[in-house]
Amino acid sequence: MEDSFLIYEVKDTDSLGSIAGSIGMTAEELRDFHNANCREAGLLWFNGLTGIQKVLIPKNYKSATQIRKENSAAAPSKSVSPEFYAETYQVVESYESDFENKLEINYTLDIQLTKIDENHVENFVASVYCYDFKKNGEKPDDKMSELSIACAESIAPIKFIISNEGKITGIFEFEKLLKTFEEKRKDLEDFYIGEVSKKYMDKFAESLSNKQYFEKQLRSTLLYQVLFPKMGWFHKYDEWNDEFYLVKNSFPLNCSFKASFIHLDEDQIQTDIKGEIEDNISLQELLKGRRFEEEPEEPVVGVVEIKYTTQKQTKQLISVEAGIALLQEGEIYRKQKISVSQN
């Protein structure tokens with residue numbers, strides 16, 4: 001225990017406040033520390049030093065303000081930049097529920113961020129290309145999975161408009177997506193024949209023609225929510241509320257979040273963000289994607305946890321580990337996890 005403090009010899013000109021201020025503490029913090037550790041040095045009453053010859057001061061003390069400054073200096077900027085992303089990440093997504101077998105999907109993701117200036121407003125375009133998909137460790141060999149991947153790759157890369165604070169605000173040149181798909185559809189139809197394949201491609205084209213629906217499909221995925229966070233999250237020290245999609249294609253929920261920071265080593269810092277649903281809704285509302293008029297008898301419980309590991313010097317995103325869990329009547333209904341990491 002004695003290794004945690006030093007013994008300071010009190011001078012006539014000293015006050016508890018001056019001693020505390022010299023090491024970044026308040027008088028009250030130093031008094032409480034001294035009293036908790038002293039044996040023979042005598043207790044400090046109020047903030048006076050009358051009759052006190054020695055004061056115990058902590059080694060390597062850091063005030064809350066100092067800790068915040070260190071965390072902020074190590075964390076990424078409050079504004080997104082092209083340097084925040086590496087060129088390539090490996091992604092693993094897994095899904096578990098009480099009514100389905102566990103599913104794991106692996107793929108590679110390439111990303112490039114480019115600054116644009118439209119109407120004197122600075123934004124970015126994030127070009128994202130996902131490829132080399134595997135399902136439970138194997139390349140998908142069923143026709144519908146292959147068709148789904150082929151349709152997605154036909155319009156790749158998707159180009160998102162990213163605000164200065166880091167969030168998706170739209171899709172860049174959205175109108176070109178449907179045209180691009182229609183140009184490549186003939187080649188797809190030569191390989192994927194039959195009524196089922198035709199209906200799938202019709203549905204895919206229909207979603208591309210509905211900008212609001214297609215954007216919501218992408219925004220509501222766990223991948224794009226964690227890949228494009230609000231950069232201000234890396235500088236939060238008090239609880240805050242934000243919207244988050246816990247179910248794809250549903251509606252966003254008001255969640256209460258709290259962040260903590262861990263210095264993993266000299267080069268890396270981890271930002272751990274935890275959130276819980278604040279909205280009073282039922283599981284059925286969430287799954288159907290619409291709110292009911294009546295109050296739910298058994299509100300769903302939803303939790304979110306996201307762990308960002310970033311490089312202190314370059315501010316680059318090294319990895320993300322995220323998970324969502326929905327609980328109904330104390331039992332886990334569905335869990336989803338995602339891992340995004342550099343090669």
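Helices (H or I, at least four residues) and strands (E, at least two) are DSSP runs, numbered from the N terminus. The legends below apply these element names to a predicted model.

**Figure 1. The cis peptide bond between Ala156 and Pro157.** Most peptide bonds are trans. The bond that joins Ala156 and Pro157 is cis, with omega at about -5°. Pro157 belongs to the loop between α4 (143–154) and β6 (158–162).

**Figure 2. Positive phi at Glu173 and Glu329.** Most residues other than glycine have a negative phi. Glu173 is not a glycine, yet its phi is positive, about 50°. The loop between β7 and α5 (175–191) contains Glu173. With a relative accessibility of 35%, Glu173 counts as partly exposed, because this class lies between the limits of 20% and 50%. Glu329 likewise has a positive phi, near 55°, without being a glycine. Its place is in the loop between β12 and β13 (331–342). The relative accessible area of Glu329 is 59%, and therefore it is exposed.

**Figure 3. Pairing of strands β10, β11 and β12.** Strand β10 (residues 268–277) and strand β11 (residues 301–311) are antiparallel and pair over 9 bridges. On the other pairing of β11, 10 bridges link it to strand β12 (residues 317–328), again in the antiparallel sense. Glu305 of β11 has Lys274 opposite it, and Glu305 also stands opposite Gly323 in β12. Between β11 and β12 there are 5 residues, and the two strands form a hairpin. Lys315, in the turn of this hairpin, has a positive phi of about 65°.

**Figure 4. Val91 and Ser97 in strand β3.** Val91 lies in strand β3 and has a relative accessible area of 1%, so it is buried. Although Val91 and Ser339 are 248 residues apart along the chain, 5.5 Å separates their C-alpha atoms. Beyond neighbours within four places in sequence, Val91 contacts Ile105, Asn106, Tyr107, Leu109, Leu223, Ile338, Ser339 and Val340. Ser97 is also part of strand β3, which spans residues 88–97. The relative accessibility of Ser97 is 17%, so this residue counts as buried. With neighbours within four places in sequence set aside, the contacts of Ser97 are Tyr333 and Arg334.

**Figure 5. The surroundings of Glu83.** Glu83 is in the loop between α3 (64–74) and β3. Apart from neighbours within four places in sequence, Glu83 is in contact with Thr314 and Gln316. Val247 is 164 residues from Glu83 along the chain, and the C-alpha atoms of the two are 30 Å apart.

**Figure 6. Two nonpolar cores.** The largest nonpolar core has 74 residues. Within this core, Tyr85, Phe160, Tyr224, Phe228, Phe244 and Ile306 have the most contacts. When residues up to four places away in sequence are not counted, Tyr85 touches Val80, Ile111, Leu113, Leu227, Phe228, Pro229, Gln316 and Leu317.

**Figure 7. The largest cavity and its lining.** Rolling a probe the size of a water molecule over the atoms shows where empty space is left. The structure contains 1 cavity of 30 Å³ or more, and the volume of the largest cavity is about 30 Å³. Phe160, Ile168, Gly170, Ile171, Glu215, Leu218 and Arg219 form its lining. Two or more of the lining residues come from each of β7 (168–171) and α7 (211–219). By class, the lining of this cavity comprises 4 nonpolar, 1 polar and 2 charged residues. Phe160, named in this lining, is also one of the residues with the most contacts inside the largest nonpolar core.

**Figure 8. The largest pocket.** The volume of the largest pocket is about 1500 Å³. Its lining has 45 residues, of which Tyr95, Phe133, Ser148, Thr221 and Lys248 are the closest to the centre of the pocket. The lining of the largest pocket divides into 26 nonpolar, 9 polar and 10 charged residues.

Notes: Residues numbered from 1 in each chain as written. Predicted model: local features only at pLDDT ≥ 70, side-chain atom pairs only at ≥ 80, totals over all residues. Heavy atoms only, no water. Buried < 20%, exposed > 50% of the residue type's maximum accessible area, 1.4 Å probe, protein only. Contact = heavy atoms within 4.5 Å. 1 Å grid on protein atoms, 1.4 Å probe; cavity = no way out; pocket = protein on both sides within 12 Å on 5 of 7 lines; lining within 4 Å. Points joined across faces, edges and corners; volume = space filled by probe spheres on them. Nonpolar A, V, L, I, M, F, W, Y, C, P; charged D, E, K, R; others polar. Core = buried A, V, L, I, M, F, W, Y, C linked by side-chain atoms within 4.5 Å. Pairing = 2+ DSSP bridges.
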